[in-house]
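Take a moment to look at the model before reading on. We will walk through it one part at a time.

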Amino acid sequence: MRAQAFAAPLIAALFVAGCASVPATRPAPAVDAPSAPAAAAVATDDNLNAVLWVQRSTEYQANAISLYRAATARLDSALATPGWDALVPSERAQAAPLSDLPPAVIMDIDETVLDNSPYQARLVAGGGEYDEATWSGWVEERKARPVPGVLEFARAAQARGVTILYLSNRAQHLQAATLDNLRAVGLPVKDDSVFLGLGTHVDGCEQHGSEKLCRRRLAGRDYRVLMQFGDQLGDFVEVVANTPQARAALLDEHRAWFGERWWMLANPTYGSWEPALFDNAWRESRDARRRQKREALILSN
């Protein structure tokens, strides 16, 4: 997922972006990242190891493959279990019995089904930070590759009559490029309606920034949601306050659903976990944000 916004008024304005699903909007100018050899100096970048882990490690691939293989093994029991639902009760808005609804799974796009690490690598190589212009340019290239393991899961779901819904914070104007990319790598796309991007209108539900609650409710009106997949907590449940304490409380509340109905992909390159460590203050300099992150390190148990 790329951007994550929250209902708290102060925080919501800081998190409107396209986790995409796009990392939280940062007040940085557009950057045309030079190639690595052209860079005059090697600057400190917090994301270097994270991006290399995604791109170069077998551990990243094994982690994603393991998760999608485990989820595939749960599909048949989820389909066969009456009342099985991956939406929290407050987000289930349909009147019809669940058994009358066709099955679906909700999947975030970025770093959940599509790997955008080349975009992150360009930022590292060029010394830039995320901004909407460079992000949109990357999406329009239609070159993101599938996350390891996702094709096998998606094909297994499709073979069982399960619709894949792509609930993403990619903006609606990126719909065509996104669906082209999904189809090109072999992911099932039933029709344009399966793209629930940022800006999707949902009758009777007020959108707060890039929060996904309204779009999950929309999915629940037409489908029995068997599983949800994402790389950030907000891909599964509404995050009202983006603080470490509130996030920990949400995990404790819904812990039993992970590995059963909810499936979290590893993404060390960006996410709402990061600004939670510096009070969501993207206005601060990179050095100031880094200092606060260093202060958050746990040095002993």
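Contact means that heavy atoms lie within 4.5 Å. Helices (H or I, at least four residues) and strands (E, at least two) are DSSP runs, numbered from the N terminus. This is a predicted model, in which local features need pLDDT of at least 70 and side-chain atom pairs count only at pLDDT 80 or more, while totals for chains, interfaces and linings use all residues. Residues are numbered from 1 along each chain as its sequence is written, and side-chain values use heavy atoms, with hydrogens and water left out.

Start with helix α5, residues 132-141. Its buried residues are T134, W135, S136, W138 and V139. Here, buried means under 20% relative accessible area, exposed means over 50%, and partly exposed is in between (1.4 Å probe, protein chains only). What do the buried residues of α5 pack against? They pack against β2 (114-115), α4 (117-126), β4 (163-171) and α7 (175-184).

Look at one of these residues. S136 is found in helix α5. S136 counts as buried because its relative accessibility is 18%. Leave aside its neighbours within four places in sequence, and S136 is in contact with H173 and L174.

Now check the two ends of the helix. At the start of α5, a side-chain oxygen of D131 reaches to within 3.1 Å of the backbone nitrogen of A133. After α5 comes R142, whose phi is positive, near 60°.

Move on to helix α6, residues 150-159. V150, L151, F153, A154, A156 and A157 are buried there. The buried residues of α6 pack against α3, β1 (103-107), β3 (145-146), β4 and β6. Just after α6, G161 takes a positive phi of about 80°.

Helix α3 spans residues 58-80, and N63 is found in it. N63 counts as partly exposed because its relative accessibility is 35%. N63 and L265 are 202 residues apart in sequence, yet 8.2 Å apart in space, C-alpha to C-alpha.

Next come the aromatic rings. A pair of aromatic rings is described by the distance of the centres and the angle of the planes. Rings of Phe, Tyr and Trp (its six-membered ring) pair if their centres lie within 6.5 Å; planes under 30 degrees apart count as stacked, over 60 as edge-to-face and the rest as tilted. How many aromatic pairs does the structure hold? It holds 12. One of them joins F236 and W262, a tilted pair with 5.5 Å centre to centre and 35° between the planes. F236 lies in the loop between β6 (224-230) and α9 (244-254), and W262 lies in strand β7 (residues 262-264), so the pair ties together parts that are 26 residues apart in sequence. Both F236 and W262 are buried.

W262 also pairs with F258. Their ring centres are 5.4 Å apart and their planes are at 75°, so this pair is edge-to-face. W262 is buried, with a relative accessible area of 1%. Elsewhere, Y68, F153, F229 and W263 form one aromatic cluster.

Now find the largest cavity. A cavity is a set of points, on a 1 Å grid over the protein atoms alone, where a 1.4 Å probe fits but cannot get out; lining residues have an atom within 4 Å of a point. The largest cavity is lined by V54, E111, D115, N116, S117, Q120, N267 and T269. This lining divides into 1 nonpolar, 5 polar and 2 charged residues. One of the lining residues is S117, which is found in helix α4. S117 is buried, with a relative accessible area of 5%. Not counting residues up to four places away in sequence, S117 touches V51, V54, Q55 and E111.

Finish in the loop between β7 and α10 (286-295), where D279 has its place. N280 lies in this loop too. Phi of D279 is near 60°, a positive value in a residue other than glycine. Phi of N280 is likewise positive, near 60°. D279 is exposed, with a relative accessible area of 61%. N280 counts as buried, at 2% relative accessibility.

Note on methods:
1 Å grid on protein atoms, 1.4 Å probe; cavity = no way out; pocket = protein on both sides within 12 Å on 5 of 7 lines; lining within 4 Å. Nonpolar A, V, L, I, M, F, W, Y, C, P; charged D, E, K, R; others polar. Polar contact = N/O pair within 3.5 Å; in protein donor to acceptor, adjacent residues only side chain to side chain.
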